[in-house]
Amino acid sequence: MNEEVQKIFTKLEEYISKEKWKGWDPFDALNSKLLKSLTLNNKLLGIFFTHLLKKLPLNLRGVLGIKRDYNPKAIGLFASGYLLNYQRTSDKRYLERAKFFIDWLIDNFSKGYSGYCWGYNFDWPNRAFYAKKGIPTIVNTSFIANAFIDAYKMLDNEKYLRIARSSCDFIIKDLNRFIENDTFCFSYTPIDNSRIHNANILGSALLARVYSLTKEDILLDYCDKSVRFTVKHQNDNGSWYYGEAKNQKWIDLFHTGYVLESLENYIRFTGNRDYEENLKTGFDFFLENFFENGVPKYYHNQVYPIDVHCSAQAIITLLKLKRLDGNSTELAKKVAAWTIKNMHDERDYFYYQKYRHYINKIPYMRWIQAWMFKALIMLLKEEGID
């Protein structure tokens with residue numbers, strides 16, 4: 001298994017390098033001038049075209065004039081992945097690539113906000129809001145700012161810490177907050193008022209990690225209050241709904257993984273173990289409801305579509321929380337083995353989704369390749385493979 005993971009990782013790295021780390025995205029439909037014009041600036045029509053293209057197993061993006069492009073979130077994942085791989089192997093080639101991505105992120109942040117922040121390279125209409133291209137999100141900013149902290153810790157460059165600290169200013173000053181007694185929930189973007197748990201606690205965990213380095217009370221206060229909001233809304237069975245709106249009452253693997261990983265990071269970086277039991281019951285739910293013989297389920301009560309983003313996040317979450325379950329690492333290996341066997345193409349990339357009767361083989365760069373890149377590196381590091 002170890003040799004197989006190394007071989008597949010090497011091929012994946014060759015593939016994404018050959019593509020110059022650019023690619024399509026499941027949500028990039030409105031990068032087509034034709035489709036965008038047909039929406040007439042109507043959010044519902046935008047959602048329709050976005051989901052139509054997302055669901056089609058036939059990739060029409062070339063015909064529709066949608067170009068492969070850099071995606072800021074993918075670039076952040078690649079930066080973190082290459083830094084981790086440099087730490088794992090001491091191969092300076094990986095360090096140079098990580099620096100390229102870090103520099104790109106410095107040059108391509110969303111301007112006009114209180115700190116460094118990042119959005120998507122496409123218009124994104126969805127149930128909660130309509131984010132135009134470049135509107136920063138707490139999710140993207142949290143993942144990317146963590147890449148800067150990784151770079152700071154590995155390279156001892158204070159500039160990277162200052163950038164991550166400024167991202168905390170974006171979260172604190174530019175996002176809206178839904179206040180509930182002595183807690184609050186950060187909005188997803190500066191233009192909405194949604195209450196989405198994975199987004200909220202990803203931001204909380206970033207504040208906690210920066211707090212561990214700067215010891216600023218304001219960061220601790222904000223992350224404490226926002227974490228309490230998500231912990232308070234945990235379901236009795238240990239799960240979390242995606243969000244608090246009536247149309248957000250679903251439970252899926254990768255967003256649950258974000259919540260668990262973020263709560264673990266909050267505990268680690270603040271030293272506050274008040275929510276250890278919440279983390280444990282949440283992880284128990286994760287283990288008991290999202291896997292069938294190594295197959296990662298999309299929803300807690302539904303297998304299909306089997307999505308490789310779920311595979312990647314499952315591996316990451318299982319490895320991050322291995323202290324809570326002695327079989328966690330073995331399950332991560334099972335997920336990796338199943339995904340390699342069933343969702344890997346001979347052209348060296350991973351597929352998007354498997355349905356009961358067909359597979360969507362579009363090789364999305366952010367949603368699939370970037371996440372599997374990071375997950376496989378973590379698995380190789382866990383196994384001590386250089």
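This is a predicted model: local features need pLDDT of at least 70, side-chain atom pairs count only at pLDDT 80 or more; totals for chains, interfaces and linings use all residues.
Which residues in α4 meet which residues in α5?

The protein chain has 14 helices and 9 strands. Its radius of gyration is 20 Å, close to the 21 Å that the globule rule gives for 386 residues, and the chain is therefore as compact as a globular protein of that length. Along its principal axes, the C-alpha trace spans about 55 × 50 × 45 Å, and buried residues, those under 20% relative accessible area, account for 61% of the 386 residues. When contacts between residues at least 6 apart in sequence are considered, 69% of them join residues at least 24 apart.

Within this chain, the helix pair of the opening question can be described by its geometry. Two packed helices are described by the angle between their axes and the distance between the axes. Helix α4 covers residues 72-89 and helix α5 residues 92-107, and their axes come within 8 Å and cross at roughly 155°. Because angles over 145 degrees count as roughly antiparallel, α4 is roughly antiparallel to α5. The crossing in which α4 passes α5 is left-handed.

The contact itself answers the question: from α4 come P72, I75, G76, F78, A79, Y82, L83, N85, Y86 and T89, and these meet K92, Y94, L95, R97, A98, F101, I102, W104 and L105 in α5. Sorted by class, the residues in this contact of α4 with α5 are 14 nonpolar, 3 polar and 2 charged.

Key
Residues are numbered from 1 along each chain as its sequence is written. Side-chain values use heavy atoms; hydrogens and water are left out. Axes are lines fitted to C-alpha atoms, for helices over the stretch in contact, and angles run from 0 to 180 degrees between N-to-C directions. Helices (H or I, at least four residues) and strands (E, at least two) are DSSP runs, numbered from the N terminus. Angles under 35 degrees count as roughly parallel, over 145 as roughly antiparallel, 65 to 115 as roughly perpendicular and the rest as oblique. A crossing is left-handed if the near helix is turned anticlockwise from the far one by less than a right angle, and right-handed if clockwise. Contact means heavy atoms within 4.5 Å. Ala, Val, Leu, Ile, Met, Phe, Trp, Tyr, Cys and Pro count as nonpolar, Asp, Glu, Lys and Arg as charged, and the others, Gly among them, as polar. The radius of gyration is taken over C-alpha atoms; the globule rule is 2.2 Å times the number of residues to the power 0.38. Buried means under 20% relative accessible area, exposed over 50%, partly exposed in between (1.4 Å probe, protein chains only).
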